[in-house]
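Subject: Handing over the structure

Hi,

Here is the structure we spoke about. Please open it first, then read my notes below.

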Amino acid sequence: MAETAEQLSAQLVELVRQYDPEADLNRIREAFTFADNAHRGQMRESGEPYIVHPLKTALNLAEMKLTPNMIIAGLLHDVPEDTRVTLDEIKAKFGDDVARLVAGITKVGTIKYRGVERYIENLRKMFLTMAEDVRVVIIKFADRLHNLETLGAKPAKKQYRIALESLEIYSPIANRLGMGEIKGRLEDAAFPYVLPKEFEWTRNIQQTALLKQKDYLEGVMRETRELLKRAGLEFVDVHGRVKHLYSLYRKLLKHDRNIAGIHDIMAIRVIVENIADCYAALGIIHGHWTPLKGRIKDYIAQPKPNGYRSLHTTVFCDDGEVVEFQIRTREMHLAAEFGIAAHWSYDEQKPAEKRGAGQPKIDWVAQLADIQREIADKQQYFKSLEEIKIDIFKDRIFVFTPKGDVIDLPEDATPVDFAYLIHTDIGNKCTGVRLNDDIASLDRTLKSGDVVEIIIDKSRKGPNPDWLKFVKTRHARSKIRQYARTSLSNWISSVIPKKLLKK
Ligand code: MN
């Protein structure tokens, strides 16, 4: 039997009370009553009262320990669009900030177009909204998540469209915002509707593996706790984590559908108090079990481009079984699960007034907003969309400058892409590249970990238009084209008498 609205609302208030003792719980109760009255008589396709949906949205937000205003906006998010109650009434009762959030969610949710147009408009709105207030997109994720998890009640055609849109738009954005848990849940909820056969296939593989490994890994976890205790290292938690289905599917595709090379269907997570303890725990684990060569990844010293930090290692346990460990602090764990949302998450170490103060700066979001401004024309925006998608969403690699700075680029990027990312001048004047100390050609595909040194020729006039044939980033491409344009206009103004140009 599903929970009633009253039960869910009590659950919500209790959850917020647990993580934020300073929250004004009455305001949250009032928001529930307000939304409940506004949606009175409305039903969802599943036959449930409508209010269950905003409540579940708010619960998704509370799981990320978000601020009372975000929870309230989650409760009210469908009110202006689907009921007679207006935004002004919300503003009068719950204040400017909540009203602004609700207005943002309403705006990003209304998309009139169909087909490809719809896709573009959707993406454009998400980007614009993000540049204005990331909180709106986070609430939108919580809303979409519940819609996906109740997709069964919709007609088949709608199921497919909503699920596909989630995989193509929502999950890549969640990924780039570092929101691992939301990304995983969005993808897993959409997966069976978009690729039903592949879903079944992956789920069988996962179930078989879990059946085989679960007890064994429970034993390894017990042993790990013992080892850490014996070494006098205080840990917060040792637990198992099962890889999300869709991400397992993607990994299987990368391994030619062969499960043999995949060791992290279930992994063991060790959560400790501080960074020093992360390395200490790694040492203790390696002292007991032999690590696999080349499988130790230090994402603390070199975080992933989306900010992910942890130590990963794969070891041979007893009987030669291979097990992956992920070691991190509590703070890293929160950031890995919630990403950007952690900026607004309750944390007793953060003073109340600091919590969620201002918008966190995200370079690529600012960059996207610039592109929006640059490309006012819709057709042109459409054309550049593929490039934007590659710049922002393609899997990232990280390479090093000779000084050891980490630069992140989309997969398959070339030295020219790297050069333009460092500086337009470096791009325009580059003539060659030294890759890990060896001379290489400018169209070579870079790999994670490469040390890239660009050779420049100061007297070089500008980029070679042929580079357009192999560069991968929109940034490099637009700089090369831009140079071609300005040099053309320079040339025109040099050959045409000034007097003529003025007229
Ligand atoms: Mn909704």
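Is Asp412 buried, partly exposed or exposed? Asp412 counts as partly exposed, because its relative accessibility is 33% (buried means under 20% relative accessible area, exposed over 50%, partly exposed in between, with a 1.4 Å probe and protein chains only).

Two notes on the basis. This is a predicted model, where local features need pLDDT of at least 70, side-chain atom pairs count only at pLDDT 80 or more, and totals for chains, interfaces and linings use all residues. Residues are numbered from 1 along each chain as its sequence is written, and side-chain values use heavy atoms, with hydrogens and water left out.

Most residues other than glycine have a negative phi. Asp412 has a positive phi, near 75°. Asp412 sits in the loop between β8 (406-410) and α18. Helices (H or I, at least four residues) and strands (E, at least two) are DSSP runs, numbered from the N terminus. Lys65 is not a glycine either, and its phi is positive at about 55°. The loop between α3 (52-63) and α4 holds Lys65. Lys65 is partly exposed, at a relative accessible area of 32%.

The metal site

Which residues coordinate the manganese ion? They are His53 (NE2), His77 (NE2), Asp78 (OD) and Asp143 (OD), at 2.2 to 2.3 Å. Donors are N, O and S atoms within 2.8 Å of the metal (3.2 Å for Na, K and Ca); water is not among the atoms, so sites may look incomplete. Along the chain, the donors of the manganese ion follow the spacing H-x23-H-D-x64-D. His77 lies in the loop between α4 (68-76) and α5 (79-82), and Asp143 lies in helix α9 (residues 134-149), so the pair ties together parts that are 66 residues apart in sequence. His77 is buried, at 2% relative accessibility. Asp143 is buried too, with a relative accessible area of 4%.

The cores

A nonpolar core is a set of buried Ala, Val, Leu, Ile, Met, Phe, Trp, Tyr and Cys residues joined through side-chain atoms within 4.5 Å. The largest nonpolar core has 79 residues, and Leu12, Leu76, Ile138, Phe141 and Met179 touch the most other members. Helix α9 gives the largest share of this core, nine residues. This core draws at least three residues from each of domain 1 (5-194) and domain 2 (197-342). Those domain bounds come from an automatic or database domain assignment.

Take Leu76 as a way in. Leaving out residues up to four places away in sequence, Leu76 touches Ala31, Phe34, Ala35, Ile90, Phe94, Val98 and Val102. Contact here means heavy atoms within 4.5 Å. There is also a second, separate core of 32 residues, which includes Met221, Leu252, Ala281 and Ile284.

Strand β5 and its partners

Strand β5 (residues 311-316) is mostly covered, with five of its six residues buried. Two strands pair if DSSP finds at least two bridges between them. Strand β3 (residues 290-291) runs antiparallel to β5, joined by two bridges. There, Thr290 has Phe316 as its bridge partner. Strand β4 (residues 297-298) is also antiparallel to β5, again with two bridges. Here Lys297 stands opposite His312. Strand β6 (residues 322-329) joins β5 through six antiparallel bridges. Thr313 is paired with Phe325 in β6. β5 and β6 form a hairpin with five residues between them, and Asp319 in the turn has a positive phi of about 60°.

The three-stranded sheet

What is the strand order in the open sheet of three strands? The order is β10-β9-β11, with antiparallel pairing. β10 (438-440) and β11 (452-456) are the edge strands, and each pairs on one side only. Neighbouring strands of this sheet are turned by 35° against each other on average, direction ignored. Axes are lines fitted to C-alpha atoms, for helices over the stretch in contact, and angles run from 0 to 180 degrees between N-to-C directions. Five antiparallel bridges link strand β9 (residues 430-435) to β11. Gly432 has Ile455 in β11 as its bridge partner. Helix α18 (residues 415-422) lies across β9 and β11, and runs at about 80° to β11.

Best wishes
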